[in-house]
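This report sets out selected side-chain, helix and loop features of a protein model for computational use. The sequence and structure are shown first.

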Protein chains: 2
Amino acid sequence: MKMSKGVEWAAHACAVLALLPPGSALPGEALADFLDVPPPYMAKQLQALSRAGIVTAQRGVAGGYRLARPADAISLWDIAAAVEGSAPIFRCTEVRRNGPCGASPAECPGPCEIAAAFRSAETAYRQALAAVPLTDIVAGAARTATAERKQRITEWIEREFRESSREWTSKRN
Amino acid sequence: MKMSKGVEWAAHACAVLALLPPGSALPGEALADFLDVPPPYMAKQLQALSRAGIVTAQRGVAGGYRLARPADAISLWDIAAAVEGSAPIFRCTEVRRNGPCGASPAECPGPCEIAAAFRSAETAYRQALAAVPLTDIVAGAARTATAERKQRITEWIEREFRESSREWTSKRN
């Protein structure tokens with residue numbers, strides 16, 4: 001039982017987008033470069049995040065992706081569900097109805113004890129992730145990063161803005 | 001992100017084994033028949049449960065599988081981990097170390113905030129399943145089963161014992 005790597009990439013991409021100045025955006029290629037992941041895979045996660053209303057594709061000068069809502073209104077569960085879906089982890093095939101002693105429909109008004117316990121555990125899992133806003137991720141990362149690394153990230157973001165503006169202008173002329 | 005169907009089968013099989021009189025056992029084929037699942041798949045789950053020390057294969061007259069320890073000392077997490085493994089759901093590939101602004105090893109003394117939050121949610125999931133002993137599953141199922149179904153299950157178990165004893169005796173003679 002594994003979560004796709006896409007969730008990790010998507011979460012890190014959202015953390016980078018949370019650092020952008022208001023109104024600005026980053027191209028998917030820049031995010032792929034920042035995280036050193038193949039651009040097609042990064043694009044796939046960004047599309048999933050976009051479909052879920054977590055990021056927005058912005059056109060025009062310095063176009064690209066930006067968060068669709070404030071970082072404190074985006075949780076790790078939102079990101080995981082966007083990429084991995086929100087279907088139950090445990091698959092109940094109603095085994096209790098099977099075989100020579102199978103339960104009748106009348107005996108199954110609700111989920112069986114096994115399915116109910118797995119559902120309840122999954123709720124605990126989701127609630128734990130839903131309680132972590134992107135702002136907490138960014139604040140935690142900022143606490144452990146050195147001043148030198150923070151400076152490097154700021155300069156990288158500024159350079160990406162300059163380059164995507166220039167590319168856009170040269171395409172238009 | 002899906003759990004294998006084997007977990008459901010294994011959990012139901014353990015619930016059946018919890019109904020057996022002390023010292024008795026059921027062949028894997030009988031459990032497969034009870035749950036109406038293919039015998040090879042049932043055998044695979046029973047092997048996983050056996051490797052994890054949850055069931056024991058008993059030889060001799062009326063041989064087969066029985067619980068290896070009391071039902072109140074077997075949790076749903078024990079069963080899920082036996083079949084599905086206990087590897088983390090979230091795969092951390094240390095994305096923070098990647099790219100032009102990657103963190104140095106010195107900046108990564110512990111897991112990043114994203115990995116830590118997923119680990120914490122997984123702990124909540126495991127603890128919720130670990131808090132459900134097999135005895136609770138059986139007691140809950142007994143509350144919703146009709147007297148007629150309980151009788152049918154008792155008779156099925158008794159018939160299986162008679163048949164597996166007869167087969168064993170005929171093989172020996």
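## Basis of the model

The model is predicted, with local features requiring pLDDT of at least 70 and side-chain atom pairs counted only at pLDDT 80 or more, whereas totals for chains, interfaces and linings use all residues. Residues are numbered from 1 along each chain as its sequence is written, chains are lettered from A and ligands numbered from 1 in the order in which they are written, and side-chain values use heavy atoms, with hydrogens and water left out.

## A buried arginine in chain A

A:Arg149 belongs to helix H7 of chain A, which spans residues 147-172; helices are DSSP runs of H or I with at least four residues, strands are runs of E with at least two, and both are numbered from the N terminus. The residue is buried but has no salt bridge. Buried denotes under 20% relative accessible area, exposed over 50%, and partly exposed the range in between, with a 1.4 Å probe and protein chains only. A salt bridge requires a side-chain nitrogen of Lys or Arg within 4 Å of a carboxyl oxygen of Asp or Glu. For A:Arg149, the nearest side chain of opposite charge is B:Glu107, at 4.7 Å; Lys and Arg count as positive and Asp and Glu as negative, while His and the chain ends are not counted.

## Salt bridges

Six salt bridges are found over all chains in a search of the whole structure. One of them joins the side chains of B:Asp78 and B:Arg69, with an N to O distance of 3.1 Å. B:Asp78 is partly exposed at 23% relative accessible area, and B:Arg69 is partly exposed at 28%.

A salt bridge also links B:Glu94 with B:Arg96, the closest N and O atoms lying 2.8 Å apart. Here B:Glu94 is partly exposed, with a relative accessible area of 29%, whereas B:Arg96 is buried at 14%.

## Helix H7 of chain B

Within chain B, B:Arg152 and B:Glu148 form a salt bridge whose closest N and O atoms are 3.0 Å apart. Both residues lie in helix H7 (residues 147-172) of chain B, separated by four residues, about one turn of the helix. An α-helix has 3.6 residues a turn, so residues three or four places apart point the same way. B:Arg152 is partly exposed at 26% relative accessible area, and B:Glu148 is partly exposed at 48%.

Helix H7 of chain B also contains B:Glu155, which is partly exposed with a relative accessible area of 37%. The C-alpha atoms of B:Glu155 and B:Ala57 are 23 Å apart, and these residues are 98 residues apart along the chain.

In chain A, helix H2 (residues 28-35) is largely enclosed by the rest of the structure because six of its eight residues are buried. The buried residues are A:Gly28, A:Ala30, A:Leu31, A:Ala32, A:Phe34 and A:Leu35. After H2(A) comes A:Asp36, whose phi is positive, near 55°.

In chain B, helix H2 (residues 28-35) packs with helix H3 (residues 39-51) at an angle of about 115°, their axes 9 Å apart. The contact is made by B:Gly28, B:Leu31, B:Ala32 and B:Leu35 of H2(B) and by B:Pro39, B:Met42 and B:Leu46 of H3(B). Axes are lines fitted to C-alpha atoms, for helices over the stretch in contact, and angles run from 0 to 180 degrees between N-to-C directions.

## Loop residues

A:Glu94 lies in the loop between helix H4 (76-84) and helix H5 (113-130) of chain A. Its phi is near 55°, a positive value in a residue other than glycine, and A:Glu94 is partly exposed at 28% relative accessibility. B:Glu94 lies in the loop between helix H4 (76-84) and helix H5 (113-130) of chain B, and phi of B:Glu94 is likewise positive, near 55°.

B:Arg59 is placed in the loop between strand E1 (55-58) and strand E2 (64-67) of chain B. Is B:Arg59 buried or exposed? B:Arg59 counts as exposed, at 81% relative accessibility. B:Arg59 and B:Cys92 are 33 residues apart in sequence and 44 Å apart in space, C-alpha to C-alpha.

How values were computed:
Contact = heavy atoms within 4.5 Å.
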